[in-house]
Amino acid sequence: STDKEDKILEKYCNKHSIKFFQGSKDNVIKRYIDAAKKFKVNTIIRITGDCPEISNEITNILLNKHLKTNSDYTVAKNSPIGFSGEILNLSSLKKIIKKKPRAYLSEYMTYYFTNNSKIFKLNFVNLPKYMQKKYRMTIDYKKDLIFFKELYKCFEKEKIKFNFKNLKLIINKYKYLNNINSNLKLTYKTDKKLIDKINKDTIIFEK
């Protein structure tokens, strides 16, 4: 965002010649729309900052299914937590912002789609069985950070690149890894007050 605390990200992108966009801090949907316009993008792969390792294999499956089915929103049904992005269309985001200009709680963008199945064409993809693992690949808590630090140490030790097949190999070999953070819960799926608020703010009523 354009917020002062994100200055460090701007500096990093400039230093490494990474194309970037800065926009609204709170209205995430508007930020996506403005970024998509700037880079002339119509189909968006959404990856959030708390998921540092997204599977290319899963993303390619989702993108192909999204384009083949001409969907508004595509997500994996049974991906490991934090290991899969979402595919969505710029036109769908524009439809949301037209109905909900302030887009409250749009950091939970998923629910603007899943709570409005009569408006959007949703595509829930079944992944191949070998990808249906209960790994926790997101950073919400300190234990998650410890997990990733330990995971990277194991990858360095084995001298192999990061992909789905090798992740499975590492977690099977170093059994302690999954015990670090596998018991942690996702607040947006367990906190009833938050769930009620998200549902209330993300439902779109067509006139």
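**Notebook: aromatic pairs and nonpolar cores**

The model I am working from is predicted.

I noted both F83 and F164 as buried.

Next I took Y108 and Y188, another tilted aromatic pair, with 6.1 Å centre to centre and 55 degrees between the planes. Here too distant parts of the chain are linked: Y108 is in the loop between α4 (90-99) and α5 (110-114), Y188 is in helix α9 (residues 187-190), and they are 80 residues apart. Y188 has a relative accessible area of 28%, so I recorded it as partly exposed.

Going back to F83 and F164, I found them in one aromatic cluster together with Y130, F147, F148, Y152, F155 and F162.

F147 came up again in the largest nonpolar core, where, of 22 residues, I58, M137, F147, L151, L167, I170 and L177 touch the most other members. Two or more residues each come from α3 (56-69), α6 (142-158), α7 and α8 (176-181), and α6 gives the largest share, 5 residues. Leaving out residues up to four places away in sequence, I listed R136, M137, L177, I180 and N181 as the contacts of F147.

Finally, I noted a second, separate core of 19 residues, with Y32, I33, I96 and M109 among them.

Conventions. Residues are numbered from 1 along each chain as its sequence is written. This is a predicted model: local features need pLDDT of at least 70, side-chain atom pairs count only at pLDDT 80 or more; totals for chains, interfaces and linings use all residues. Side-chain values use heavy atoms; hydrogens and water are left out. Buried means under 20% relative accessible area, exposed over 50%, partly exposed in between (1.4 Å probe, protein chains only). Rings of Phe, Tyr and Trp (its six-membered ring) pair if their centres lie within 6.5 Å; planes under 30 degrees apart count as stacked, over 60 as edge-to-face and the rest as tilted. Helices (H or I, at least four residues) and strands (E, at least two) are DSSP runs, numbered from the N terminus. A nonpolar core is a set of buried Ala, Val, Leu, Ile, Met, Phe, Trp, Tyr and Cys residues joined through side-chain atoms within 4.5 Å. Contact means heavy atoms within 4.5 Å.
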